[in-house]
Amino acid sequence: MGALTTEDPTTGAAVPEDALRRDIRLVTSLLGQTLVRAEGQELLDLVEEVRAHSKEGSLAQLPTIDLDLTTKVARAFTAYFHLANVTEQVHRGRALVEQCAQEGGWIAQAVERIRAAGIDGERLGEEAARVCVRPVLTAHPTEVTRRSTLDKLRRIAALLDEPDSARRTRRLAESIDLLWATDEIRVEAPEPTDEARNGIYYLEGLSRAAVPDVVEELRDELGEAGAGLSLDAVPLRFGTWMGGDRDGNPNVTPEVTREVLGLQAVHGIGLLRDRVDVLRRDLSVSDHLSTTSDELDERLAAMLEQLPQIELRYRRLNAQEPYRLYLTAVGVRLGLTQERVRRGEAHVPGQDYADDVELLDDLLVLHRSVSEHQGELVAAGELERLVRTVRSTGLTLAALDVREHSAKHHDAVGQLLDLTGDLDEPYAALDQLGRMRVLGAELAGRRPLARRPLPLEGDAVTTARAFDAVVWALDSFGARTVESYIISMTRHADDVLAAVVLGREAGLVDIQAGVARVGFVPLLETVEELGKAEEIITALLSEPSYREVVRLRGDVQEVMLGYSDSNKSGGIAASQWQIQRAQRVITDLGARFGVRMTFFHGRGGSVGRGGGPTYDAILALPAGTVAGEVKITEQGEVISDKYALPVLARQNLELMIAATLEASVLHREHRRSADETERWDALMDRVADAAQERYLELTEREGLAGYFLSATPVDLLGQLRIGSRPSRRPGADAGLDDLRAIPWVFGWTQSRQIVPGWYGVGSGLAAAGEDIETLREMYQSWPFFRSFLDNVAMTLAKTDLGIARQYVAALAPDGEGTLDDIAAELDRTVAEVLRVTGDAALLDREPTLRTTLEIREHYLQPLHHLQVDLLRRQRDGEDDPRLGRALLHTVSGIAAGMRNTG
């Protein structure tokens with residue numbers, strides 16, 4: 001694609017420009033050759049003509065082309081973005097490795113800053129032992145790119161990392177030919193098990209290398225600082241929602257949950273078997289030359305007696321190599337565990353492993369023996385890496401969270417309570433306080449509400465059976481398999497209690513017996529609920545029976561914060577500020593009730609759904625709220641962007657651990673003075689209130705739903721078939737209130753209005769009036785405010801209302817007034833942001849990124865032009881299946897060019 005190769009499409013990483021340009025030139029030239037081989041010179045010439053018109057601003061003068069050619073042009077630009085993106089990822093990884101070699105890695109730098117602050121090794125070790133970072137992979141439908149395409153891009157990335165050679169060029173050409181021959185559009189929507197398999201693909205890859213590498217790096221850096229990392233520590237532990245997120249997704253049934261956990265276990269155990277086999281080959285210690293512990297000898301003798309499955313040849317060949325024979329026995333037990341899972345059979349003591357605790361017990365016996373008899377150096381090698389991997393993965397690679405909407409729990413528990421005949425009126429007629437009294441009394445008692453199977457009807461049947469699936473999971477794979485049950489749309493404390501009562505019916509909770517097998521997690525999703533955080537959490541922890549449940553869980557209460565829905569309901573300024581305030585309030589309440597509060601951050605990939613640089617986001621959290629633990633969602637395209645390439649996977653995990661350690665140690669106390677806190681909070685209240693008011697003027701504007709549905713391609717999201725979850729909750733109407741946050745952000749992003757990422761901020765900042773110096777002071781000295789404005793500035797730079805006007809003119813001509821209002825707020829927001837930051841232009845301090853975005857426009861504009869024309873034709877009634885496919889290819893290309901979907 002000739003001229004396409006002369007410009008740098010990086011996304012902001014500081015990389016050697018010549019090397020990046022060279023690789024971009026290579027892959028895009030090869031793409032041009034692919035187009036000629038597969039489609040003919042005419043297509044390449046047409047692509048170049050379209051690009052030239054784009055640079056000259058004359059796309060409207062393009063001649064009409066047929067649908068087949070339109071599809072091929074869209075695919076060509078999409079392929080360009082895929083290749084540019086993966087090449088940039090490769091060079092970003094190289095730059096990070098080089099930077100770490102010169103300046104030290106993320107963890108090393110964090111430890112250095114901590115030591116520079118006067119923290120001694122002993123305290124550093126104590127703090128590090130509490131660090132637990134948990135990225136939680138979700139199936140949110142924002143990854144447009146198919147796995148087949150991602151696999152080919154990963155192969156291209158690996159080839160780009162090889163030395164230049166004729167073979168490399170030939171293999172790259174082969175891979176790009178296959179990329180072009182791969183259909184970007186899914187034939188059908190994935191089922192939840194398909195989504196889970198995709199998650200397992202990433203989890204398995206991460207657990208094989210990145211996880212043990214990063215934890216080993218943490219141990220070594222702590223050791224250099226005079227601190228240690230206990231073998232009991234779990235600094236990294238993955239979570240997943242795939243197969244457990246039932247909220248609004250009728251496809252996630254209790255049977256699906258069981259099937260997904262079985263898949264996770266089979267793959268997780270398979271990974272551990274491989275690691276045990278590697279270690280078995282390494283630990284060839286002969287009892288003629290060295291000794292072993294009595295503890296290990298006794299354990300080995302017992303296993304040899306209990307495991308007739310150990311082949312005679314191993315018993316004979318490894319008779320003088322006790323560690324090898326021991327690990328053979330461990331491998332056999334893991335194999336039996338894998339077979340138990342596959343067949344759905346019960347655990348047999350002494351044969352398969354009941355859970356990861358039993359496996360760890362065997363491995364720690366080995367570790368103690370090696371440490372005592374062969375030395376710490378050997379013990380700290382592959383053996384310790386295996387122990388720490390098991391700590392991180394368990395048997396199932398990741399812990400599964402289960403999530404359900406609060407209304408579902410009330411429906412189920414209400415049916416059961418009504419059947420008892422004990423209530424004076426139907427459960428559904430009770431107010432919130434009445435439900436609190438009834439549910440609290442039930443928890444305090446011991447009676448079951450009904451005999452099993454529970455006499456339920458409708459959706460309540462599967463709601464209750466989901467709790468049975470959790471019991472099965474804990475019994476089958478151990479206590480760490482499911483740790484959190486999340487209640488969506490928690491508006492009051494009774495929403496949590498209803499779920500706990502259903503948990504009691506399933507046997508997950510029994511206060512009198514001292515049983516609380518899972519934690520119950522309120523999800524505060526909207527600006528209104530975040531503002532009521534104090535009321536909700538106070539009522540919850542004041543309820544004696546629930547407080548006992550929390551005590552049984554170690555006096556720890558997890559609270560999930562919803563970034564996406566709160567943004568949709570109140571705008572980005574109010575959302576971000578209420579989340580910040582809620583964390584402070586909830587942490588203070590925890591201290592009052594003697595409960596350690598932990599937070600689960602439900603962030604999306606785009607800024608409009610809480611996204612942004614992870615390191616900055618963690619350091620911007622309120623003082624004292626991290627306390628060693630960060631749990632955060634990784635959604636959609638973010639997963640592949642962070643974890644597809646091994647070098648980037650390691651870097652991202654390391655920076656999360658480093659930021660968590662630094663925030664836990666150095667940000668324990670408030671970094672602002674009392675005077676600054678009072679002044680800045682009061683001003684931020686004004687900014688957020690004014691921004692929310694302006695945002696609601698737009699979202700509550702008469703006709704906005706029609707404008708949004710007409711002036712954006714939001715209706716195409718479902719046709720992409722990228723997720724198993726519907727874009728609306730079941731029973732929702734056609735308005736905007738029940739539209740999920742992902743399609744909300746998707747529509748605005750594809751049409752380049754990107755309202756969720758900035759709208760209202762200009763009015764909010766303007767409301768500060770003469771307090772501009774205070775705003776500047778806040779930007780310079782308050783990480784939260786700086787991160788907030790920098791993310792807004794990034795979104796503003798991606799917003800292009802010139803392109804948006806093309807959508808409105810062609811698809812929603814009656815919406816010009818709405819777009820004019822959006823444009824006025826855009827101008828105001830740009831001016832106010834620059835007034836606070838002191839910059840002359842957006843991204844003034846990141847010129848490489850600014851240039852990159854400007855360059856990408858030349859390739860995005862043709863896709864927008866094609867999308868608008870195709871949407872107009874489709875909505876005018878043109879009935880051609882090729883038109884729909886062409887449209888979906890434009891969506892895919894714009895998503896690739898913008899680096900996010902929704």
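**Exercise 1.** Work out why the radius of gyration of the protein chain agrees with that of a compact globule.

*Solution.* Start with the rule: 2.2 Å times the number of residues to the power 0.38, with the radius taken over C-alpha atoms. For 902 residues a compact globule would have a radius near 29 Å, and the protein chain has 28 Å, so the two agree. Next, look at the extent: the C-alpha trace spans about 85 × 80 × 60 Å along its principal axes. Then check burial: 62% of the 902 residues are buried (under 20% relative accessible area, with a 1.4 Å probe and protein chains only).

A word on the model: it is predicted, local features need pLDDT of at least 70, side-chain atom pairs count only at pLDDT 80 or more, and totals for chains, interfaces and linings use all residues. Residues are numbered from 1 along each chain as its sequence is written, and side-chain values use heavy atoms, leaving out hydrogens and water.

**Exercise 2.** Find what span helix α26 should have, and how many of its residues are buried.

*Solution.* Helices here are DSSP runs (H or I, at least four residues), numbered from the N terminus. Take 1.5 Å times one less than the number of residues. The 21 residues of α26 (646–666) should therefore span 30 Å, and its end C-alpha atoms are 30 Å apart, in agreement. As for cover, 17 of the 21 residues in α26 are buried.

**Exercise 3.** Now follow helix α34 to its end: which residue just after α34 takes a positive phi?

*Solution.* Helix α34 covers residues 816–837 and reaches 31 Å, close to the 32 Å expected. Its buried residues include L819, I822, L826 and V833. Just after α34 comes G838, with a positive phi of about 80 degrees.

Definitions and conventions
Buried < 20%, exposed > 50% of the residue type's maximum accessible area, 1.4 Å probe, protein only. Helix = DSSP H or I, 4+ residues; strand = E, 2+ residues; numbered from the N terminus.
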